[in-house]
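Please keep the sequence and the 3D view at hand while reading.

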Amino acid sequence: MITMLMALAGLVLTGAAPSGTAKHSRPLVSAPSRRVATPKVELAQSAEVRRVSDWIAASDDNGALPYIVIDKKNAALFLFDAKGQALGNAPVLIGVAVGDEATPGIGSKNLAEIGPAEKTTPAGRFLARYGWAAGRQRVLWIDYATSVALHPIPPGANPKERRRQRMLSPTSDDNRITFGCVNLPAAFYDKSVRPLFLKKGGYVYILPDTKPLETVFPQLWVRSPASGAAPSG
């Protein structure tokens, strides 16, 4: 993706993770080396990911479209087809700042005007579709109004920023390095995400950093098989 595209769409990444960010070890199903050229790692779904994905499948909240669940705390992405079948997962890079809201008007700001606390990946339910960005490139917009998109690590990234190494590290604390966009491995994007979302788009559910799940997803209602009661949250 060219420099102009990244600058105007808010896709440029910073060089360092914020200080004081809590460390989270990714739950792995299998854990071979995370720094090999073409890693093959299966990321386990957290309890929150399972709650949200089960609710989506049971309620058809995705409206017969494919969907993605992003676990910001563990910097992990989980891909599902329209019927709720899990298709794969991948580590991701997300916004520098911990937070669940996008700053009002941030989509119209120049990158130089965006402060560290504003570089958040907003939580919520988004109808993601491919659309045009600067340079006549098509990108998967999660939220066009706030310039949040999902795309691979830019091929021309500064090697000193060690973006790939950050993405593949065993913990998620160093994965907070973007202006708010979600970056994922190019191979997974090209082979799994793009073909599924290119024609009609799909939904992206981004789990919160600090808010309760029910606040971000008001219709979330998972019942206990034993009692039929909804969890207190």
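The side chain of aspartate 100 reaches the backbone nitrogen of aspartate 209 at 2.6 Å. This distance, like every other value below, comes from a predicted model.

**Aspartate 100**

- Aspartate 100 is found in the loop that connects β6 and β7.
- Is aspartate 100 buried or exposed? Aspartate 100 counts as buried because its relative accessibility is 6%, and the limit for a buried residue is under 20%.
- When neighbours within four places in sequence are left aside, the residues in contact with aspartate 100 are Lys72, Pro122, Ala123, Pro208, Asp209, Thr210 and Lys211.

**The eight-stranded sheet**

- Eight strands form an open sheet with mixed pairing, in the order β5-β4-β3-β12-β7-β8-β9-β11.
- Which strands form the edges of this sheet? The edge strands are β5 (86–91) and β11 (182–184), each of which pairs on one side only.
- On average, neighbouring strands of the sheet are turned by 25° against each other, with direction ignored.
- Strand β3 (residues 67–71) is antiparallel to strand β4 (residues 76–80), and five bridges join the two. Within this pairing, aspartate 71 stands opposite alanine 76 in β4.
- Strand β7 and strand β8 (residues 137–143) run antiparallel and are joined by five bridges. Tryptophan 132 has arginine 138 in β8 as its bridge partner.
- Arginine 138 also places its charged end over the ring of tryptophan 132, at 5.9 Å from the ring centre.
- Three bridges pair β8 with strand β9 (residues 148–152), again in the antiparallel sense. Here the bridge partner of aspartate 143 is valine 148 in β9.
- Four residues separate the strands in the hairpin of β8 and β9, where serine 147 takes a positive phi near 60°.
- As a general point, side chains in a regular strand alternate between the two faces of the sheet.

**Helices against the sheet**

- Helix α2 lies across β3, β4 and β12, and runs at about 160° to β3.
- Helix α4 (residues 186–197) packs on the sheet and touches β3, β4, β5, β7, β8, β9, β11 and β12. The direction of α4 makes about 35° with that of β4.

**Aromatic rings**

- How many aromatic pairs does a search of the whole structure find? The search finds seven.
- In one of these pairs, the ring centres of tryptophan 55 and phenylalanine 217 are 6.0 Å apart and the planes stand at 45°, so the pair is tilted.
- Tryptophan 55 belongs to helix α2 (residues 47–59), whereas phenylalanine 217 lies in the segment after α5 (213–216), so the pair ties together parts that are 162 residues apart in sequence.
- Tyrosine 205 and phenylalanine 217 also form a tilted pair, with 6.1 Å centre to centre and 50° between the planes.
- Because tyrosine 205 lies in strand β12 (residues 202–206) and phenylalanine 217 in the segment after α5, this pair ties together parts that are 12 residues apart in sequence.
- Tryptophan 55 is buried. Tyrosine 205 is buried with a relative accessible area of 0%, and phenylalanine 217 counts as buried at 2% relative accessibility.
- Ring pairs link Trp55, Tyr67, Phe80, Tyr203, Tyr205 and Phe217 into a cluster.

**Two further loop residues**

- Leucine 65 lies in the loop between α2 and β3, and is buried with a relative accessible area of 15%.
- Leucine 65 and tyrosine 203 are 138 residues apart in sequence, and their C-alpha atoms are 7.0 Å apart in space.
- Beyond its neighbours within four places in sequence, leucine 65 is in contact with several residues, including Asp81, Leu127 and Tyr203.
- Valine 96 is placed in the loop between β6 (94–95) and β7 (124–133), and counts as buried at 9% relative accessibility.
- The C-alpha atoms of valine 96 and threonine 178 are separated by 5.6 Å, although these residues are 82 residues apart along the chain.

Notes
Residues are numbered from 1 along each chain as its sequence is written. This is a predicted model: local features need pLDDT of at least 70, side-chain atom pairs count only at pLDDT 80 or more; totals for chains, interfaces and linings use all residues. Side-chain values use heavy atoms; hydrogens and water are left out. Buried means under 20% relative accessible area, exposed over 50%, partly exposed in between (1.4 Å probe, protein chains only). Two strands pair if DSSP finds at least two bridges between them. Rings of Phe, Tyr and Trp (its six-membered ring) pair if their centres lie within 6.5 Å; planes under 30 degrees apart count as stacked, over 60 as edge-to-face and the rest as tilted. A charge sits over a ring if NZ of Lys or CZ of Arg is within 6 Å of the ring centre and within 35 degrees of the ring normal. Axes are lines fitted to C-alpha atoms, for helices over the stretch in contact, and angles run from 0 to 180 degrees between N-to-C directions. Contact means heavy atoms within 4.5 Å. A polar contact is a pair of N or O atoms within 3.5 Å; within protein, one must be able to donate a hydrogen and the other to accept it, and residues adjacent in sequence count only if both atoms are side-chain atoms.
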